[in-house]
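This briefing reviews selected local features of one protein model.

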Amino acid sequence: MCGIAGIFHAETPKPVDPVRVERMCDAMVHRGPDGAGVWTDRGVGLGHRRLSIIDLEGSPQPMHSADGRAVIVFNGEIYNFRELRRDLEKEGARFRTSGDTEVILAAWQKWGPSCLEKLHGMFAFALYDLDKRLLFLARDRFGVKPLFMAKLSDGSIAFASELKGLLAHPLLRRKASPEALDAYLAWGYVPDTHSLLAGVEKLPAGHFLLLEQGKAPGAPKRWWDIDFSQREKGSEADLSAQLVHLMREAVQSRMVADVPLGAFLSGGVDSSSVVALMSEASAEPVRTCSIGFDETSLDETAYAQQVAEKFGTAHTAREVGRDDFGAIDALAGMFDEPFADASALPTWRVCALAREQVTVALSGDGADEAFAGYRRQVFHHHEERVRGLLPAGFRQSVFGGLGQVWPKADWAPRPLRAKTTLLALAGDGDEGYASGLSVTTPDQRHSIYSDTFSGLLGGYRAEDELVALMRAAPARSGLDRAQYADLTFWLPGDILTKVDRTSMAVSLEAREPLLDHRLVEFAARLPEKMRVNGSIGKHLLKKCMERYLPGDILYRPKQGFVTPISAWFRGSLAHEARAIADSSTLAQTGWFSPDALKTLAESHISGRADNSRVLWELLMLDKSLDRLGIQS
């Protein structure tokens with residue numbers, strides 16, 4: 001795992017200052033503390049920070065191909081590089097190292113952009129072909145590894161693994177994008193379709209970009225997509241056997257490393273499944289770690305300990321205090337852009353714990369998106385059935401009418417919190433899912449915007465992007481479309497961003513075996529009843545793991561990392577909530593109505609409403625603006 005950066009002059013190949021590239025890389029030293037390198041040529045410069053995982057001494061970067069005609073900087077891991085190497089050697093390729101980086105170079109020279117289809121792994125890389133005077137930028141299928149890009153005033157294109165790499169370039173403009181801000185407040189993160197800095201882009205997951213000297217830059221091209229339009233056939237037993245085989249292969253392929261390796265273990269279905277399969281493949285005890293909380297309702301460590309004992313892992317657990325908010329400033333520094341998934345705090349803590357013993361850790365991320373494990377997906381599946389049975393006019397008049405008058409009772413038991421469900425049933429399924437996934441509604445956002453900022457948006461509505469994505473999805477059903485949205489929008493924007501930044505902040509490589517593309521492609525073809533069975537999501541995954549895991553691990557309610565931000569804003573962080581309205585950097589931008597922000601804070605502090613999620617969004621936005629020096 002590493003950090004990469006570079007500069008490319010497409011239309012006029014100007015000299016590239018190697019010191020400038022070096023500074024971009026040094027801004028990301030946490031991603032690669034084990035080594036650094038810079039290479040420049042006419043109109044191009046590539047830089048690299050290395051975290052050594054495989055071929056510890058023999059694969060320095062930037063790396064040249066055996067014939068010296070191509071150069072690469074690469075962040076990630078290619079899990080099938082040994083098989084590819086053997087295939088390429090049969091075709092006459094020769095290798096000087098034993099790692100995966102040189103295999104990408106040879107694959108490019110043999111197959112061009114089509115080489116991406118042969119790579120199994122997580123990656124973002126920049127490859128320069130000296131004969132073609134062409135830069136090839138590529139990102140893995142799911143967006144596990146990030147890549148930011150910006151066109152600068154001197155005509156060059158700069159790129160880096162993190163935004164802080166671009167911020168080290170003196171020509172980067174620090175002006176905010178109104179659309180990105182609205183999207184952030186809608187979702188709690190800045191999705192891959194935007195960057196908080198106007199003019200900065202993220203290379204989308206499953207895309208590549210070819211930049212050729214002497215030609216104007218083109219647009220990124222999609223090289224992979226997930227298809228939900230097909231269906232697997234077979235009995236539950238047959239499909240279960242196929243699933244176990246694919247999971248086993250995915251886990252074992254990610255256990256290759258020349259450094260200590262372990263796993264995160266929360267005690268939930270997904271991480272427990274990964275640990276079970278790792279233990280099956282390892283002669284030594286698997287190193288596992290978990291984070292607990294000093295509040296029983298938030299703590300899962302007993303379940304993690306149960307799994308650890310079952311598989312004889314070398315387990316380490318650590319308790320985190322309920323009031324673990326002292327790291328907020330550090331968190332803002334990890335993400336650069338505002339990031340309001342509060343589970344980032346415990347995720348960072350468990351990454352730091354893992355790094356004390358290992359350099360690589362396997363996680364269970366991706367299974368909920370691929371196999372329909374989220375409660376919202378299960379609800380949406382059943383809501384879509386209701387929509388299919390009742391005419392739209394009836395739903396709008398009956399459910400819509402009830403939804404308008406039903407109180408928004410966030411404090412009430414879950415069965416009584418029906419307002420959102422009723423309103424969702426009244427409308428379109430894709431709109432309903434987008435609404436359920438969002439942190440704030442358009443009306444809520446505009447109620448705190450200033451008139452000036454609302455005008456800058458010009459009718460833009462963040463939810464429209466997700467709705468359009470779902471409607472264009474290669475899918476058969478509402479459940480398919482919801483999962484497609486989660487895999488292509490939510491996963492790279494929230495989950496994978498969270499894991500990448502928090503793990504890289506402590507120089508830990510996190511691997512996601514349940515996001516093996518062959519496994520996810522299989523999951524996307526499963527009949528709906530194999531994904532959702534009654535109220536149970538991830539049905540087939542849980543069934544096939546019954547041979548490994550007990551029922552109280554497989555079938556207990558999903559918990560996940562929970563951070564008590566509501567209580568924080570009524571206690572130790574109440575002053576931060578009030579400062580958002582009048583003394584913070586955010587308050588000086590002119591983007592928000594001061595009176596609306598004061599009302600938002602006071603109504604939460606007094607207990608009249610639960611505004612904790614939007615207050616957390618605003619606090620993280622304020623911290624981000626402080627660090628980025630963004631002009632309003």
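Does H169 count as buried or exposed? At 3% relative accessibility, H169 counts as buried. The model under discussion is predicted, and the points below are grouped by topic.

**Surroundings of H169**

- H169 is located in the loop that connects α4 (163–167) and α5 (178–187).
- Leaving aside residues up to four places away in sequence, H169 touches I7, R20, M24 and L152.
- Between the C-alpha atoms of H169 and I226 the separation is 36 Å, although these residues are 57 residues apart along the chain.

**Helix α12 and its two partners**

- Two packed helices are described by the angle between their axes and by the distance between those axes.
- Helix α12 (residues 375–389) packs with helix α19 (residues 478–504) at an angle of about 150 degrees, and their axes are 8 Å apart.
- Because angles over 145 degrees count as roughly antiparallel, α12 and α19 are roughly antiparallel to each other.
- The crossing of these two helices, α12 and α19, is right-handed.
- Sorted by class, the contact of α12 with α19 comprises 3 nonpolar, 5 polar and 4 charged residues.
- Helix α15 (residues 429–437) also packs with α12, at an angle of about 155 degrees and with the axes 11 Å apart.
- That angle makes α12 roughly antiparallel to α15.
- α12 passes α15 in a right-handed crossing.
- In this pair, R376, Q377, H380, E384 and R387 of α12 meet G429, Y433 and L437 of α15.
- The contact of α12 with α15 has 2 nonpolar, 3 polar and 3 charged residues.

**Helices α9 and α27**

- α9 and α27 pack at an angle of about 65 degrees, with a distance of 9 Å between their axes.
- α9 is therefore roughly perpendicular to α27.
- The crossing in which α9 passes α27 is right-handed.
- I328, D329, L331, A332 and G333 of α9 form the contact together with W616, L619, M620, K623 and R627 of α27.
- The residues of the contact of α9 with α27 divide into 6 nonpolar, 1 polar and 3 charged.
- D626 belongs to helix α27 (residues 612–628) and, at 48% relative accessibility, counts as partly exposed.
- The C-alpha atoms of D626 and A332 are separated by 9.5 Å, while the two residues are 294 residues apart along the chain.

**Backbone geometry**

- Most residues other than glycine have a negative phi, and most peptide bonds are trans.
- The peptide bond from Q61 to P62 is cis, with omega near 0 degrees.
- P62 is in the loop between β3 (44–50) and β4 (63–64).
- D336, a residue other than glycine, has a positive phi near 65 degrees.
- The loop between α9 (328–335) and α10 (344–355) contains D336, which is buried with a relative accessible area of 6%.
- K538, likewise a residue other than glycine, has a positive phi near 55 degrees.
- K538 lies in the loop between α21 (528–531) and α22 (539–544), and its relative accessible area of 5% makes K538 buried.

**Cysteines**

- How many disulfides does a search of the whole structure find? The search finds 0 disulfides.
- C115 is in no disulfide, and the nearest cysteine sulfur, that of C2, is 18 Å away.
- C115 counts as buried, at 1% relative accessibility.

Conventions: Residues are numbered from 1 along each chain as its sequence is written. This is a predicted model: local features need pLDDT of at least 70, side-chain atom pairs count only at pLDDT 80 or more; totals for chains, interfaces and linings use all residues. Side-chain values use heavy atoms; hydrogens and water are left out. A disulfide is a pair of cysteine sulfur atoms within 2.5 Å. Buried means under 20% relative accessible area, exposed over 50%, partly exposed in between (1.4 Å probe, protein chains only). Axes are lines fitted to C-alpha atoms, for helices over the stretch in contact, and angles run from 0 to 180 degrees between N-to-C directions. Helices (H or I, at least four residues) and strands (E, at least two) are DSSP runs, numbered from the N terminus. Angles under 35 degrees count as roughly parallel, over 145 as roughly antiparallel, 65 to 115 as roughly perpendicular and the rest as oblique. A crossing is left-handed if the near helix is turned anticlockwise from the far one by less than a right angle, and right-handed if clockwise. Ala, Val, Leu, Ile, Met, Phe, Trp, Tyr, Cys and Pro count as nonpolar, Asp, Glu, Lys and Arg as charged, and the others, Gly among them, as polar. Contact means heavy atoms within 4.5 Å.
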